[in-house]
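Here is a short briefing on one protein model. Please look over the sequence and the structure before reading on.

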Amino acid sequence: MTRITLKLPQYELARKKIASNYMQQIGLPETIINAFVELDTENKNYWKILTDLDTPFDVIYIKQWNKRAEIINDVPILKLSVDTNLESINEYTKLSWIQVPLTLLSPTEITASWNNQFQYKQDNPTSGLKGLRPPQIGALHAIASKFTSKKDFTPLTVILPTGTGKTETMLATVVSQQCSKVLILVPSDSLRQQIFKKFTTFGCLADLGVIPKIINYPAVFLVKHGLKTEEEAIEIIESSNVIIATASILNHSSQAAKLKLFELCTHLFIDEAHHVAASTWNNIRENFKDKRVIQFTATPFRNDGKDLGGKIVFNYSLGEAQEDGYFKKISLKPIKEYDLKESDIAIANKAVEQLRSDISQNYDHLVMARVNEKPKAEKLLAIYQSIAPEFNPIVVHSGLTSSQNNQKLEELKTRHSRIVICVDMLGEGYDLPNLKIAALHDQHKSLAITLQFIGRFTRSSSNTPIGNASAIANIADVDIQGGLQKLYAQDANWDLILKRLSEERINNEIKLQDVIDSLRGNGGLDKQISLWNLRPSCSAMLFKTECQKWDISSLENLNLRFAQTWHVISNENKILIILGVRNTPVNWGKFEDIDDTNHYIFILNWDEEREAVFVYSNDHDAFKTEDIAKVICGENTIQITGETIFKVLDNVQLPLVKNLGSSQVGAISFTQFFGPNVTDGLSQIEKSSSELNNIAVLGYENGDRVVWGCSQKKGKIWSPKAGNLVDWQEWSQNVWDKIHSEDEIDVNNLVKDFLKPIRIDKAYKYSPLFAEWGETLQNAFEDKVNILFDQTEIPLFLADLDVFKDESKQLYIKIYTEDLFGLYRLNISDQFPSGYMYEHIEGSLISIKTHSSTIPFEEKMVKDPVRIHYVDGSMSYNCYLIQINLIDNTFDVDGLNQINWTVDITKESMGKARTRNTVQFQTLSMIQDQFEIIINDDGSGEIADLVALRQENNEIILSYIIVNIQVHLKLVED
C-alpha cells in the first residue's frame with residue numbers, strides 16, 4: 001500500500017431557497033487527510049483509499065482518469081479532473097465527488113445526533129496537543145453552568161477580546177448544548193457572510209479534535225432580505241438549525257414574520273453585543289425573555305452609557321490575552337502634523353515605510369488605511385499609488401457591490417495588493433491576521449470602537465509569517481478627545497494603555513452588574529424599572545452613624561405620602577432604592593380627572609467601613625430624608641452640616657465663584673448672588689457681616705476642570721454630572737473622604753483665595769499678554785465650530801486671536817488667518833448700559849457658526865466672552881476684571897544682563913530657515929545649553945518666539961522667550 005496526502009473537496013448535502021434567502025447544509029467540509037491507497041482488484045479502474053475517518057468515509061474510491069467503470073453502490077466515489085497517476089496524487093490534486101452515501105436528516109435529527117459528540121479538549125502548545133484555547137473552554141463551562149438553570153433566563157454576556165476565538169466559542173456552544181433553533185444576530189453583511197461559512201462547516205472544531213470530522217453539520221440559513229410572510233418564517237425555521245441575520249434586515253421584515261421567527265427560535269446569539277443597547281437590537285432581544293440569550297463581545301460598554309442588559313458570566317481580559325500570546329504587540333508610530341492638508345501624505349509615507357521594513361524582515365504584512373468618507377478614500381488612493389505603486393493600493397467601501405468588494409479583497413488575499421483603503425469596512429469580525437499596519441487617516445471618536453478596530457491588527461496566527469502590529473496616527477489631530485488622548489499621546493505604550501483602558505471600563509461594568517444583581521428580587525422595583533438605567537446626578541446628603549446593623553424591617557412604618565411606592569434592597573451592598581409616585585392637580589386649570597404624575601427617587605447607601613450614610617433624592621422633603629436615615633441606621637445618625645461641608649473645596653486651584661448665597665449673622669434674611677455681583681457676597685463674608693450659606697465654584701483639581709457646589713445648612717454637596725449607581729457611590733465616598741480630612745476649615749480664609757470679578761469702567765492698566773476664546777467655545781468640538789469672515793468659513797482651530805492696546809490705551813481684539821482678519825475695539829465705560837461695547841473697526845465682519853446657529857461676534861461675546869490675560873497674571877472679560885496676581889508687579893533691575901549682540905539687531909526673527917544673522921538665532925544659541933527641549937514657535941499667533949523646557953529636581957521648568965525689537969531690544973523671560 002502507498003501512503004498519500006489528499007484534499008477531500010467539500011460536499012454540499014442540501015441547498016434550499018426560500019423567497020430571496022437560502023439554506024445550505026454541508027455533508028463534508030473540505031478536509032485534508034493522510035490515507036493509504038491500493039489497487040482494487042474487485043472493482044476495476046478504481047483506486048481504493050483507506051482513511052482514518054469514520055464511516056462512510058473510512059473507505060473512499062477514486063475513479064481512474066478516463067476509464068470506464070461500474071458505479072459501486074453505497075460508497076463515496078471521487079473522480080479526477082485531469083489525467084493523474086497514483087504516484088502524483090497529493091493535497092493539491094483536484095478532485096470532485098461522483099457519489100456520497102449520506103442520508104439527509106431533518107434539523108431535529110441533526111441536533112439529536114450531536115449528543116456526546118463534543119469533547120472539552122484544551123490545547124497544549126508545548127506538547128503539540130490540539131484543542132480549544134483556555135478562554136474558550138472557560139467560556140463554554142460558564143455558559144453550561146447557566147444553562148442548567150430552568151428558571152433564570154437573564155441574557156448571558158461573554159467577554160472575549162478580538163482574536164481569542166469568539167466565533168469558535170459560539171460554534172462549540174451550539175454543538176455542546178445541542179441548541180436546536182438558533183438565531184444569530186450580527187451587525188454587518190461581511191460578518192454575516194463570514195459566520196455563515198463558519199457554521200456550515202463548524203469552523204476549525206473538527207481540526208482541533210473537539211468534534212469528529214464526520215458529524216452531521218447544521219442546516220444554516222442566511223437571511224439577506226426581509227421576511228414577508230408568517231409562512232415564510234415557518235418554512236425557514238423548519239428547514240434550519242441556525243439562522244443568521246442582521247438586525248436591520250429583521251427590522252425590515254413584516255411584523256407577522258418576525259414574531260413567528262422569534263417564537264419558533266429556541267436560542268438567540270448576539271455577536272458584537274455592544275450594539276444591543278440600540279433599539280433595533282433590543283427590540284429583537286425583548287422577544288427572547290423566556291429563552292436562552294448569549295451576548296458575545298470584546299467591549300461590553302458604550303460611550304453613550306447605555307447598558308447591554310446581560311449578566312457577565314465570563315470575562316477574559318485584554319491583559320490575559322496579551323500574556324497568553326493571543327495578541328501581537330502593537331506600537332504607535334506617530335506623526336505630528338498640524339497642517340491637515342499634509343497630514344494624509346505624512347501618514348501614507350510612514351505606513352509605506354513601515355510596510356517595506358516589515359517585508360524586508362520576511363513578514364507577510366498588509367496595510368489598512370482608514371478614512372470616514374468615500375471622496376477622501378479616492379484622494380488617498382492617488383496618494384498611495386504615487387508613493388507605492390508596487391503594492392497596488394485598492395479601495396473598498398459600501399458604495400461598491402459585494403462582488404466588486406470581494407474581487408478587490410481577493411487581490412489582497414493573493415498579495416497582488418498589499419494596501420487597502422477602507423471606509424467603514426473590514427471592521428467587526430473580519431479575520432485576516434496579516435493586517436498588521438493601521439494607517440489612521442481618520443480616527444474613531446469612541447473607545448469601544450477603537451478597541452474593536454485595533455483588535456483587527458493584533459491577531460496572532462501560527463500559519464503565516466507575521467510580526468508585531470503598528471498604528472500610524474497624527475497625534476496633533478485636534479479631534480482626539482477624552483480617554484483616547486492617553487492612547488494617542490507621544491510615546492504612548494499601546495499594549496499597556498489598551499490593557500488599562502479596556503480593563504478599567506469592563507471592571508466598572510462588572511462592578512455595576514454585581515450591584516444590580518444584589519438588588520434584584522428583594523423588593524418589587526426591579527419589576528417596574530430597569531435598575532441599569534438609573535442615572536443619579538452627583539449629589540448627596542451625608543450622615544454620620546454609629547449603627548452596627550441597618551434595620552430595613554422598619555420600612556413599612558415610614559408612612560411616605562405617595563400614591564404608590566416600590567423599593568429594592570441590597571443587603572450585600574447596603575443600598576436601598578425607593579421610587580414614589582405622586583399625583584397632583586394641574587396648575588393650569590381645575591379638573592377632576594386630569595392630574596400631573598410625578599416620580600420621585602430616593603437612594604440610600606450605608607458605608608459600613610466609613611460609618612457613613614449617603615443619600616441621593618430629587619426631592620429630600622418628599623421622602624423626609626433625615627427621618628428615613630434615622631429609622632434605618634438608628635437615632636444616633638446625624639447629618640453633616642455646617643462649615644465642614646465647605647472642605648469639599650479643598651485643593652481646588654484657581655477657584656472662580658459661579659454663585660453663592662449668604663445670610664446676615666444673627667438674622668433670618670438671605671441673599672443669593674449670581675454672575676458678576678458674586679463679589680458683593682464675598683465682600684460681605686470677608687467683613688464678617690454675613691455668613692456663607694451655599695456656593696458653587698469652578699476650578700481645577702488634579703489637573704481636571706471641576707465644579708463643586710455645597711450648602712452648609714441643607715448639608716448637601718453636588719457636582720453637575722451624573723452616572724450609574726456605582727459612579728454615584730464612588731463619588732459619594734470621595735466627597736466623604738474630602739470633608740473628613742484633618743484640615744481645619746476657616747470660611748474667611750477659604751474665600752480669600754477665590755477669584756473675584758470686579759467691574760471696571762476703563763481698560764485695565766497693564767498690557768495684555770494674550771486672548772483666548774470663552775469657556776463654551778473652548779469646550780466645543782473644534783471641527784463643529786467655524787469662524788465666518790463675512791461669508792468665508794474657517795474652522796475655529798485655524799483662526800488666531802490677538803489682543804493689543806493702541807496709544808490711547810484702548811483695547812483691540814483681532815481675529816485673523818493668513819489671508820483674512822476682523823478687528824474689533826472693546827470699549828469699556830459706564831456710559832454703556834452693560835458697561836462695555838464691541839465696535840467693528842476694519843476688516844471682515846465676524847460671526848461664530850455652530851451646528852445649530854450663526855451668531856455675530858458682538859452677540860456671542862455677551863454670553864461667552866473672549867478672555868484677556870495680562871502681564872501681571874490678571875484676566876478680564878467684557879467689563880469685569882479678575883486679579884490673580886500670579887507674579888510680583890515689581891522687577892529687580894539687578895536681574896537685567898547686558899548682552900553683546902554679534903548679529904544685525906534690526907533683524908528679529910530667524911524663521912523656519914533658522915537665519916543666523918538674527919536676534920532670535922543668537923538668543924537660541926545663548927540658551928541652548930540650559931534647556932533639554934527648545935521649540936521654535938516663531939510664527940503668527942505664537943505664544944512666544946522660543947519655548948524652552950528643562951527638568952530640575954522633581955520639577956519641569958517652562959520658559960517663554962519673547963524677542964521684540966522696538967526702540968530698544970528687549971528680551972523677556974517668564
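How many disulfides does the structure hold? It holds 0 disulfides, a disulfide being a pair of cysteine sulfur atoms within 2.5 Å. This is a predicted model, in which local features need pLDDT of at least 70, side-chain atom pairs count only at pLDDT 80 or more, and totals for chains, interfaces and linings use all residues. Residues are numbered from 1 along each chain as its sequence is written, and side-chain values use heavy atoms, with hydrogens and water left out.

**Overall makeup**

- The protein chain has 25 helices and 49 strands. Helices (H or I, at least four residues) and strands (E, at least two) are DSSP runs, numbered from the N terminus.
- Of the 974 residues in the protein chain, 49% are buried. Buried means under 20% relative accessible area, exposed over 50%, and partly exposed in between (1.4 Å probe, protein chains only).
- Among contacts in the protein chain with a separation of 6 or more, 64% link residues 24 or more positions apart. Contact means heavy atoms within 4.5 Å.

**Cysteines**

- The sulfur of Cys547 has its closest cysteine sulfur in Cys633, at 4.2 Å, which is too far for a bond.
- Cys547 is buried, at 16% relative accessibility.
- Cys538 is buried too, with a relative accessible area of 5%.

**Nonpolar cores**

- The largest nonpolar core has 48 residues. Such a core is a set of buried Ala, Val, Leu, Ile, Met, Phe, Trp, Tyr and Cys residues joined through side-chain atoms within 4.5 Å.
- Val158, Ile184, Phe199, Phe202, Ile211, Ile244 and Phe269 touch the most other members of this core.
- Helix H2 (residues 134-147) gives the core its largest share, 6 residues.
- A second, separate core of 42 residues includes Ile516, Trp532, Cys538 and Trp708.

- The 14 residues of H2 should span 20 Å at 1.5 Å a residue, and its end C-alpha atoms are 20 Å apart, which agrees. The expected span is 1.5 Å times one less than the number of residues.
- Buried residues of H2 include Ile137, Leu140, Ile143 and Phe147.
- The buried residues of H2 pack against strand S9 (156-159), helix H3 (166-176), strand S13 (267-271), strand S14 (292-297) and strand S15 (311-315).
- Why is H3 largely enclosed by the rest of the structure? Because 10 of its 11 residues are buried.
- Among the buried residues of H3 are Lys166, Glu168, Met170 and Val174.
- The buried residues of H3 pack against H2, strand S10 (182-186), H4, H5, S13 and S14.

**A parallel sheet**

- An open sheet of 6 strands runs in the order S16-S21-S20-S17-S19-S18, with parallel pairing. Two strands pair if DSSP finds at least two bridges between them.
- Strand S16 (330-335) and strand S18 (394-397) are the edge strands, each pairing on one side only.
- From one strand to the next, the twist averages 20 degrees. Axes are lines fitted to C-alpha atoms, for helices over the stretch in contact, and angles run from 0 to 180 degrees between N-to-C directions.
- Strand S17 (residues 366-371) pairs with strand S20 (residues 435-440) in the parallel sense over 5 bridges. Met368 has Ala438 in S20 as its bridge partner.
- Helix H12 (residues 374-387) lies across S17, S18, strand S19 (419-423) and S20, at about 165 degrees to S19.
- Helix H13 (residues 402-413) packs on the sheet and touches S17, S18 and S19, with its direction at about 140 degrees to that of S18.

**Backbone details**

- Thr55 and Pro56 are joined by a cis peptide bond, with omega about 10 degrees. Pro56 lies in the loop between strand S5 (46-50) and strand S6 (59-63).
- Phe202 is not a glycine, yet has a positive phi of about 60 degrees. Phe202 sits in the loop between helix H4 (189-201) and helix H5 (205-208).
- Is Phe202 buried or exposed? Phe202 is buried, with a relative accessible area of 0%.
- Lys809 also has a positive phi, near 70 degrees. Lys809 is in the loop between strand S37 (800-805) and strand S38 (811-816), and is exposed, with a relative accessible area of 57%.
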